[in-house]
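We will go stop by stop, and each stop tells you what to select.

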Amino acid sequence: MDLNIVLLAPEIPQNTGSIGRMCVCIDARLHLIKPMAFSLDETHLRRAGLDYWGNVRLCIHNSWDAFMEQEQPERMMFASTKARTPYYRHCFRLGDYLIFGSETSGLPVAFYTKYADHLYCIPMPGRHARSHNLASAVAIIAYEALRQIGELSATGRTD
């Protein structure tokens, strides 16, 4: 079972490219849920993903409902600045779906009620920022998931 990174209506191709590159590095699947504010062949997307983009295990879904029907996720974790529970309190498992909203509007309003028990935040003790960059937020939470699951080795790659 894979770790799944889900971007709901992504808007900035550089973020998606960076997240795609990270997905290759951690062997996670990347799910993009339309609408997207860019095309997948944009230069910015490919530049951020470098030569990794061809190795991204990419799934594109036409809508949230199509995603739910096709994937039938058993365990979902939603990242939001509006949540109160820190992400590291979630007990991650392989097969989890880590879901992130768009860069400017976050998650759809209805999600805050429907998925209230599955909302988590990245604590931000700084007083002058609204949120982390999406690619940074995905990396923070994905690496905590890997740490908890035990998928991180003590050494990096040397090849």
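Which residues of the largest nonpolar core touch the most other members? Select I5, L7, I19, L30, L98, F100 and I141: these are the ones, out of 29 residues in that core. Keep in mind that this is a predicted model.

**Stop 1: the core**

β1, α1, β2 (29–33), β4, β5 and α5 each supply at least two residues. Helix α5 gives the largest share, eight residues.

**Stop 2: the whole chain**

Zoom out and switch to a cartoon. Count five helices and six strands. Follow the chain along its sequence and you read β-α-β-α-β-α-β-β-α-β-α. The chain has 159 residues, and 44% of them count as buried.

**Stop 3: the sheet**

The six strands form an open sheet. Across the sheet, the order is β3-β2-β1-β5-β4-β6, and the pairing is parallel. Look at the two edges: β3 (57–61) and β6 each pair on one side only.

**Stop 4: strand β5**

Select residues 97–100, which make up strand β5. Are its faces covered or open? Both faces are covered. Y97 and I99 lie on one side, L98 and F100 on the other, and all four are buried.

Next, show the neighbours of β5. On one pairing, β1 (residues 4–8) runs parallel to β5 over four bridges. Select N4 and you will find Y97 opposite. Then select I5: its bridge partner in β5 is L98.

Another pairing joins β5 to β4 (residues 76–79), again parallel and over four bridges. M76 stands opposite Y97. M77 has L98 as its bridge partner. L98 is therefore worth a label: buried means under 20% relative accessible area, and L98 is among the buried residues of β5. L98 is also among the core residues that touch the most other members.

**Stop 5: strand β4**

Stay on β4 and show its side chains. M76 and F78 point one way, M77 and A79 the other way. All of them are buried. Now bring in β6 (residues 119–120), which pairs with β4 in the parallel sense over two bridges. F78 has its bridge partner in β6 at L119.

**Stop 6: helix α1**

Bring the helices back and select residues 13–26, helix α1.

Which residues of α1 are buried? Select P13, N15, T16, G17, I19, G20, M22, C23 and I26. An α-helix has 3.6 residues a turn, so residues three or four places apart point the same way.

Now pick S18, which also lies in α1. Its relative accessibility is 32%, so S18 counts as partly exposed. S18 and W53 are 35 residues apart in sequence, yet their C-alpha atoms are 9.3 Å apart in space.

Step past the helix to D27, which follows α1. Phi of D27 is positive, near 60 degrees.

**Stop 7**

Select A9, in the loop between β1 and α1. A9 is not a glycine, but its phi is positive, about 55 degrees.

Move on to Q72, in the loop between α3 (64–71) and β4. Phi of Q72 is near 45 degrees, again a positive value in a residue other than glycine. Is Q72 buried or exposed? Q72 has a relative accessible area of 59%, so it is exposed.

Then go to P35, in the loop between β2 and α2 (43–49). K34 and P35 are joined by a cis peptide bond, with omega about 10 degrees.

**Stop 8: the largest pocket**

Finish with a surface view. The largest pocket holds about 510 Å³ of space. Of its 25 lining residues, T81, S102, G106, S131 and H132 are the closest to its centre. By class, the lining has 11 nonpolar, 11 polar and three charged residues. Which helix gives the most to the lining? Select residues 134–149: helix α5 does, with three residues.

Notes
Residues are numbered from 1 along each chain as its sequence is written. This is a predicted model: local features need pLDDT of at least 70, side-chain atom pairs count only at pLDDT 80 or more; totals for chains, interfaces and linings use all residues. Side-chain values use heavy atoms; hydrogens and water are left out. Buried means under 20% relative accessible area, exposed over 50%, partly exposed in between (1.4 Å probe, protein chains only). Two strands pair if DSSP finds at least two bridges between them. On a 1 Å grid over the protein atoms alone, a cavity is a set of points where a 1.4 Å probe fits but cannot get out, and a pocket is an open set with protein on both sides within 12 Å along at least five of seven lines; lining residues have an atom within 4 Å of a point. Grid points are joined across faces, edges and corners, and a volume is the space filled by probe spheres set on the points. Ala, Val, Leu, Ile, Met, Phe, Trp, Tyr, Cys and Pro count as nonpolar, Asp, Glu, Lys and Arg as charged, and the others, Gly among them, as polar. The expected span of a helix is 1.5 Å times one less than its number of residues. A nonpolar core is a set of buried Ala, Val, Leu, Ile, Met, Phe, Trp, Tyr and Cys residues joined through side-chain atoms within 4.5 Å.
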